[in-house]
Amino acid sequence: MRIDGLEEKQISWMLKPFTWMMKRRFGKVLNPYKAWAYRPGLTIAMAIFTQSVEASKVTDPTLKRLVCLRAAQMIGCVF
């Protein structure tokens with residue numbers, strides 16, 4: 001079972017800045033984000049959490065990149 005993502009015009013106004021940043025960075029709105037857009041509050045919380053982990057100085061940046069790469073390999077991420 002797959003969740004149909006929201007179209008850009010259906011995404012909540014609270015998520016418009018995230019949509020703009022994603023288009024700027026990747027050239028389009030990614031599919032997982034379209035599914036997350038059903039729950040704007042959780043999407044914002046997840047974005048804050050992700051930013052705080054990325055900005056953390058506790059772990060070496062190289063190690064963070066390696067962990068992200070390995071996680072992407074494990075789930076079959078295409079990029």
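Modeller: Helices here are DSSP runs of H or I with at least four residues, strands are runs of E with at least two, and both are numbered from the N terminus. By that rule Thr19 is placed in helix 1, residues 16–26. The model is predicted: local features need pLDDT of at least 70, side-chain atom pairs count only at pLDDT 80 or more, and totals for chains, interfaces and linings use all residues. Residues are numbered from 1 along each chain as its sequence is written, and side-chain values use heavy atoms, with hydrogens and water left out.

Biologist: How many helices and strands does the protein have?

Modeller: There are 4 helices and 0 strands. The order from the N terminus is α-α-α-α.

Biologist: Why is Thr19 called buried?

Modeller: Buried means under 20% relative accessible area, exposed means over 50%, and partly exposed is in between, with a 1.4 Å probe and protein chains only. Thr19 has 4% relative accessibility, so Thr19 counts as buried.

Biologist: Which residues is Thr19 in contact with, leaving aside neighbours within four places in sequence?

Modeller: Glu8, Ile11, Val29 and Tyr33 are in contact with Thr19; contact means heavy atoms within 4.5 Å.

Biologist: What makes Ile44 partly exposed?

Modeller: Ile44, in helix 3, has 23% relative accessibility and therefore counts as partly exposed. With neighbours within four places in sequence set aside, Ile44 is in contact with Met14, Leu15 and Phe18.

Biologist: Why does Lys57 count as exposed?

Modeller: Lys57 lies in the loop between helix 3 (40–55) and helix 4. The relative accessibility of Lys57 is 77%, so the residue counts as exposed.

Biologist: What span does helix 4 reach, and what is expected?

Modeller: The expected span is 1.5 Å times one less than the number of residues. Helix 4 (residues 61–75) has 15 residues and reaches 21 Å from its first C-alpha to its last, close to the expected 21 Å.

Biologist: Which residues make up the largest nonpolar core?

Modeller: The core has 8 residues: Leu6, Ile11, Leu15, Met22, Val29, Leu30, Tyr33 and Ala37. A nonpolar core is a set of buried Ala, Val, Leu, Ile, Met, Phe, Trp, Tyr and Cys residues joined through side-chain atoms within 4.5 Å. Not counting residues up to four places away in sequence, Ala37 touches Leu6, Ile11, Leu15 and Thr43. Of the 79 residues in the protein, 19% are buried.

Biologist: How many residues line the largest pocket?

Modeller: The lining has 33 residues, and Arg25, Phe26, Trp36, Thr50 and Glu54 lie nearest the centre. On a 1 Å grid over the protein atoms alone, a pocket is an open set of points with protein on both sides within 12 Å along at least five of seven lines, where a 1.4 Å probe fits, and lining residues have an atom within 4 Å of a point. Helix 4 gives the most to this lining, with 9 residues.
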